[in-house]
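Subject: Structure for your review

Dear colleague,

Please find the structure below, together with its sequence.

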Amino acid sequence: MPRLLLGLIDSGIAGPQSASVAASRCFVAADDGEVRQADAAPDQLGHGTALAAILLQGAPDGRLLNAQVFRHTLVCGAAQVAAALDWLIQRRAQLVNMSFGLREDRPSLRNACERALAQGMILVAATPARGEPVFPAAYAGVIRATGDARCAPGELSFLDTGQADFGGHVRAGASTVAGASVGCAHVTARAAGFLGGNPGSSAAQLRAWLAAQASYRGPERRLC
């Protein structure tokens, strides 16, 4: 059975997870506004490495496509993410994790997501549990995932709100990385496990399966 190709758009990958990387590329915004490709650098922030470990828990035999858009800080532009998505399309990624959210809707990012979805790629992106929508999670067809404090490792919540579709565990093992970005990766990991065992499944089939696995339904309720 072919190995699942998992795209990770983040800060890079270092450590033991590097052994599961099939290809890497860095996407750098130049002074003229263009995005240029370069060799990926080692992960300096630890964010991508922590998320890669989570993804591989869901699909131990999966192969990672490392699309680096963050280097010194967890800040990047929509054009960098769009270029990373187009590279992942070329590499035939089947599932992509985007554990971040941009405040502005940009045509370049929206169009790249549409191209990826049209190729049958499944996109999972982070969203805050409350507040204003962020992109690419807010685009039609993208699975919106966040952190849910109710969820233990391996558990999911089916939120089905205007803000998010699913929630996952908020911690990344011993790493200090936490929150919605980690919850997103845990949701993607469960998706990876399903797709690895059910190749060719559609996004609709995946969503139905994730909802059926949920330990919790509806949003978290805060006590006054």
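This is a predicted model: local features need pLDDT of at least 70, side-chain atom pairs count only at pLDDT 80 or more; totals for chains, interfaces and linings use all residues.

Helices

Helix H1 covers residues 47-58. Its 12 residues reach 18 Å from the first C-alpha to the last, which is close to the 16 Å expected at 1.5 Å a residue. Of these 12 residues, 9 are buried, so H1 is largely enclosed by the rest of the structure. The buried residues are His-47, Gly-48, Thr-49, Ala-50, Leu-51, Ala-52, Ile-54, Leu-55 and Leu-56.

Helix H2 (residues 78-90) and helix H3 (residues 107-118) have axes that come within 8 Å and cross at roughly 15°. The two helices are therefore roughly parallel to each other, and H2 passes H3 in a left-handed crossing. On the H2 side, the residues that meet H3 are Ala-78, Ala-79, Val-81, Ala-82, Leu-85, Asp-86 and Ile-89. Their counterparts in H3 are Ser-108, Leu-109, Ala-112, Cys-113, Arg-115 and Ala-116.

Helix H4 also packs with helix H5 (residues 203-213), at an angle of about 115° and with the axes 10 Å apart. In this case H4 passes H5 in a right-handed crossing. H4 contributes Val-187, Arg-190, Ala-191, Phe-194 and Leu-195 to the contact, while H5 contributes Gln-205, Leu-206, Trp-209, Leu-210 and Gln-213.

Aromatic pairs

The structure holds 5 aromatic pairs. In one of them, the rings of Phe-135 and Tyr-139 have centres 5.0 Å apart and planes at 40°, so the pair is tilted. Both partners are buried, Phe-135 with a relative accessible area of 13% and Tyr-139 with one of 8%. The rings of Phe-158 and Phe-166 are likewise a tilted pair, because their planes stand at 35°, with the centres 5.5 Å apart. Phe-166 is buried, with a relative accessible area of 2%.

Thr-146 lies in strand S7 (residues 143-147). It counts as buried, at 2% relative accessibility. Not counting residues up to four places away in sequence, Thr-146 touches Thr-127, Pro-128, Ala-129, Leu-159, Ala-164, Phe-166, Gly-167, Gly-168, Ala-180, Gly-183 and Cys-184. Phe-166, a member of the tilted pair with Phe-158, is therefore among the residues that Thr-146 touches.

Gly-168 is placed in strand S9 (residues 166-168) and is buried, with a relative accessible area of 0%. Beyond four places in sequence, Gly-168 touches Thr-146, Gly-147, Asp-148, Cys-151, Glu-155, Gly-183, His-186 and Val-187. Among these, Val-187 also takes part in the contact between H4 and H5. Gly-168 and Ala-40 are 128 residues apart in sequence, and their C-alpha atoms are 29 Å apart in space.

Gln-80 belongs to helix H2. Is Gln-80 buried or exposed? With a relative accessible area of 9%, Gln-80 is buried. Leaving aside neighbours within four places in sequence, Gln-80 is in contact with Phe-27, Val-28, Ala-29, Val-35 and Val-69.

Yours sincerely,

Definitions and conventions: Residues are numbered from 1 along each chain as its sequence is written. Side-chain values use heavy atoms; hydrogens and water are left out. Rings of Phe, Tyr and Trp (its six-membered ring) pair if their centres lie within 6.5 Å; planes under 30 degrees apart count as stacked, over 60 as edge-to-face and the rest as tilted. Buried means under 20% relative accessible area, exposed over 50%, partly exposed in between (1.4 Å probe, protein chains only). Helices (H or I, at least four residues) and strands (E, at least two) are DSSP runs, numbered from the N terminus. The expected span of a helix is 1.5 Å times one less than its number of residues. Axes are lines fitted to C-alpha atoms, for helices over the stretch in contact, and angles run from 0 to 180 degrees between N-to-C directions. Angles under 35 degrees count as roughly parallel, over 145 as roughly antiparallel, 65 to 115 as roughly perpendicular and the rest as oblique. A crossing is left-handed if the near helix is turned anticlockwise from the far one by less than a right angle, and right-handed if clockwise. Contact means heavy atoms within 4.5 Å.
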